[in-house]
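This report goes through a structural model for a reader who has not seen it before. The sequence and the structure come next, and the text then takes up selected features in turn.

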Amino acid sequence: LFIIMYTIIKGGGSLSWNFIIQFPSQAGKAGGILPAIVGTLYLMFGTLIFALPIGVLAGIYLTEYAKNNWLTRLINLAIINLSGVPSIVFGLFGLSMFALFFNFGLSLLSASLTLACQALAMVITTSREAILAVPKEYREGSLAIGATRWQTVRHIVLPQAFPGIITGAVL
C-alpha cells in the first residue's frame, strides 16, 4: 500500500493526456507511451485468441469426455507442472520455438503464442473447476430428456460455467 501511494503521489503529476496519446520522441526520452499501450492491447488480445479456445476445449474434454486412465493422469500432471514453470523458461521456449524454429521472428505473433502457452494452465484449470461446479443433476436432466452429450455440454453446462471461465480468462 505504501509503495502504491508513494508512486501515485510522486508520479501523478507527470501523467497527462498528451503523455498517453503521443508517440515517443528523442529516442524514448520524451513524448508519450501510445505505442506501448496499443502493443500491449494487441498482445493481450492475441494471447486471448490462442489460449481461451484451447484451454476451454481442453477443460471440457478433461471433465466431460476423458476417462480416468494413465493418459488423463499424465495430462493432468503436465497441466500442474506447466503452472509451476518460471516465466523466463516460457520466454526462452517462445524464442526458440516460435521466433527461431517456426521463423516468426521477434513478432507479436510469437509473443502472443508464448504468453498463450504460459496462460494455458490457468485457463484449463479454471475452466475445469467451473465446469465441475455445475451440478450433475443438470447434466442428468438434460440427458434424460434425450439431449446428446454435446448438446448437454453446449446448452446446459457451458452457460452455467461461463462466469468461472471468464474469471479464468481474466486471470
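Which residue forms a salt bridge with E64, and how far apart are the closest N and O atoms? The partner is R139, and the closest N and O atoms of the pair are 2.8 Å apart. R139 belongs to helix α7, which covers residues 136–144, while E64 belongs to helix α3, which covers residues 34–65. The two residues are 75 residues apart, and the pair links distant parts of the chain. Both R139 and E64 are buried. The model is a predicted one, and the count of salt bridges in the model comes to one.

**Helix pairs**

| Helix pair | Axis distance | Angle |
|---|---|---|
| α3 and α8 | 11 Å | about 130 degrees |
| α5 and α6 | within 9 Å | roughly 135 degrees |
| α7 and α8 | within 9 Å | roughly 145 degrees |

Helix α8 spans residues 149–170, and its axis lies 11 Å from that of α3, at an angle of about 130 degrees. That angle makes α3 oblique to α8. The crossing of α3 past α8 is right-handed. On the α3 side the contact is made by L48, L52, V56, I60, E64 and Y65. On the α8 side it is made by R149, W150, V153, V157, L158, I165 and A169. Sorted by class, the residues of this contact are eleven nonpolar, no polar and two charged.

The axes of α7 and α8 come within 9 Å and cross at roughly 145 degrees, and α7 passes α8 in a right-handed crossing. Y138, R139, S142 and L143 are the residues on α7, and they meet R149, T152, I156, V157 and Q160 on α8. These residues divide into four nonpolar, three polar and two charged.

The remaining pair is α5 and α6. Their axes come within 9 Å and cross at roughly 135 degrees, which makes α5 oblique to α6. Here too the crossing, of α5 past α6, is right-handed. From α5 the contact takes in S87, F90, G91, F93, G94, F98 and A99, and from α6 it takes in S110, L113, T114, C117 and Q118. By class there are six nonpolar, six polar and no charged residues.

**Single residues**

Apart from neighbours within four places in sequence, V157 is in contact with E64, I131, V134, R139 and T152. V157 and Y61 are 96 residues apart in sequence, and their C-alpha atoms are 13 Å apart in space.

S127 is placed in helix α6. With 0% relative accessibility, S127 counts as buried. What does S127 touch, leaving aside its neighbours within four places in sequence? The contacts of S127 are G55, V56, G59 and I165.

K136 lies in helix α7 and is exposed, with a relative accessible area of 52%. K136 and N68 are 68 residues apart in sequence, and their C-alpha atoms are 18 Å apart in space.

V89 is in helix α5. V89 counts as partly exposed, at 40% relative accessibility. The C-alpha atoms of V89 and T152 are separated by 39 Å, and these two residues are 63 residues apart along the chain.

**A residue with positive phi**

N103 is found in the loop between α5 (87–101) and α6 (108–132). Its phi is near 60 degrees, a positive value in a residue other than glycine. Most residues other than glycine have a negative phi. N103 counts as exposed, at 64% relative accessibility.

Conventions. Residues numbered from 1 in each chain as written. Predicted model: local features only at pLDDT ≥ 70, side-chain atom pairs only at ≥ 80, totals over all residues. Heavy atoms only, no water. Salt bridge = Lys/Arg side-chain N within 4 Å of Asp/Glu carboxyl O. Helix = DSSP H or I, 4+ residues; strand = E, 2+ residues; numbered from the N terminus. Buried < 20%, exposed > 50% of the residue type's maximum accessible area, 1.4 Å probe, protein only. Axes fitted to C-alpha atoms, helices over the stretch in contact; angles between N-to-C directions. Parallel < 35°, antiparallel > 145°, perpendicular 65-115°, else oblique. Left-handed = near helix turned anticlockwise from the far one by under 90°. Contact = heavy atoms within 4.5 Å. Nonpolar A, V, L, I, M, F, W, Y, C, P; charged D, E, K, R; others polar.
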